[in-house]
Amino acid sequence: MRVLLVEPNYKNKYPPMGLMKISTYHKMLEDEVRFVKGFDSSIDEEVWDRIYVTTLFTFDFDIAVETINHYKLLVNNINDLFVGGIMASLMPDKIVEATGIERSHILTGLFTDTSVVGDENDINVDELPLDYDILEQIEYKYPAGDNYFAYTTRGCPNHCSFCAVPILEPNFHVTNNIIDQIKAIDEKYGPKQHLLLLDNNVLNTADLTALVDDLCAAGFEHGAKYSDPGTYNIVMMRYRNGDRADFLDKKMATYLEGFKKRIKSAEMLENFLQIVIGAEDVDDYAQYMLDHEEELSPIIEKYRSKTKKARYLDFNQGVDGRKINDENMEQLARLAIRPLRIAFDDIRLKDVYCKAVRTAHRHGIKEISNYILFNYKDKPEDLYERLRVNIELNKELGIQIFSFPMKYSPISETDRTYIGANWCKKSIRAISAILQVTKGVVAAGSSFFYKAFGNNLEEYFELLAMPRELIMFRSYFEENGTTAEWQSLYRELTDEQKNRLMELVSLNVTELRNTPWPDDLKEILKYYLIKYTWKAELSDEKYVQLSLTDDSDVVVED
């Protein structure tokens, strides 16, 4: 068959593991496989025997539906198209309604039974190794693309109300052996530096010691180092294995073109160039390279980088802080974990969380990444307190805790507009503005935190009320006095006026302009129409345009 794999054109850090396993499956059946991200006009005139479209988050519903509706026209029969992934598992009926495909063609949960796509075999696709080669077929580069990706367990026993795992992976169980997974990748694609494990609750594993033993045996023990074999050796390994993937020749040629700059010996350089130039017109590039391996390999080996690099293991979905104790931390500390990820989703779990961090520190963990859910049942002050707790723990223990506030969006919604009962749009926008400046991370330094979020709750709530531009470009507006002007007006307001102000500035700009302004808030409301934009002039100097009102524009040189 001719099989097309499609990922919608949203931005994502990790490659589509489901499609990578499906690619392995169809290549096992000797099918032709092509992977695209988004729309690719080069294949729009082709007809495919089967198309798989993956989905991710529910708030990407519109782009996913647009993608499905586009590709359902490229199969002979709409029943030759299948949709899977997270969003498909969470809202299959909405996809059916929006695309017209049959409910039976929405693949929910894990792809363990190929009969759902009409195939008659006993292959469990979910347990197949990933096909990294399909990532070479697109221009998009996943930030974490060149790592091992694996599971050692599936599911989670907690069944948190905000979480999709109980729907996606309803039963907790141990999956295939991690040593076999890594070995399969090494033999096919060459070794990777880091390992990302996507287990949802690894501490629920019945025999954690055995799992850690396997991970150590796989090369991810504490202090593990990675020796990169380099592109040349990996491609040559694949040539020797009979692999003739089209992109390998291009990868090798590109590598050798850049490598010549490293060669210091004139004699070696001449020999190297003769081999490289001789490859330009050959019919079988791979065989040519194999025929000249004995001459080329010593040159590559002499000048390639052999520096060993630190190797890390990342339980990327986090570990359950409520389950952390000395016994399991003693085991995890045997691994090259960096960072240890612990969620802190509820202020009521403050003592439990702090105990977990101190236990991890006691066993030598010095870098922690912290997921902090907000806009759920929490209050704005709860977010501040959880972030502040991490700052104080950093100072107390001398470690680094990097916090990642994550805005809650219900898994039943198709956009990100949800506002929690204790939040308002303006507060959410303010947190978003702060995090845009920090690139989503609240770093370990106390001075940084207190500047970004305020020295106390009073300053924090003032920041939540502050105009977005004054938050985003704080230094500029503090220096020119605009922030002080706004603060003076804000601090004169009563609590009742502040509440009304937050309601008004939760409107979008157009709505705010078109809404009658109450007399007692007119003066401060004009600050919410400030615009800060760079304008590049012919002289290449930079200017800032401040639009204070509809008819009052001021351009000042920065």
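**Salt bridges in the predicted model**

A total of 35 salt bridges was counted, a salt bridge being a side-chain nitrogen of Lys or Arg within 4 Å of a carboxyl oxygen of Asp or Glu. The structure is a predicted model, in which local features need pLDDT of at least 70 and side-chain atom pairs count only at pLDDT 80 or more, while totals for chains, interfaces and linings use all residues. Residues are numbered from 1 along each chain as its sequence is written, and side-chain values use heavy atoms, with hydrogens and water left out.

Arginine 238 pairs with aspartate 133, with 2.4 Å between the closest N and O atoms. Because arginine 238 belongs to helix 8 (residues 230-240) and aspartate 133 to the loop between helix 4 (92-99) and strand 5 (148-150), the pair ties together parts 105 residues apart in sequence. Helices (H or I, at least four residues) and strands (E, at least two) are DSSP runs, numbered from the N terminus. Arginine 238 is buried at 4% relative accessibility, and aspartate 133 is buried at 8%; buried means under 20% relative accessible area, exposed over 50%, and partly exposed in between (1.4 Å probe, protein chains only).

In the salt bridge between aspartate 213 and arginine 334, the closest N and O atoms are 2.5 Å apart. Aspartate 213 is in helix 7 (residues 208-217) and arginine 334 in the loop between helix 13 (326-332) and strand 12 (340-343), 121 residues apart. Aspartate 213 is partly exposed, at 38%, as is arginine 334, at 29%.

Glutamate 462 forms a salt bridge with arginine 491 at 2.8 Å between the closest N and O atoms. Glutamate 462 is buried at 9% relative accessibility, whereas arginine 491 is exposed at 54%. A network of salt bridges links Lys21, Asp126, Arg154 and Glu169.
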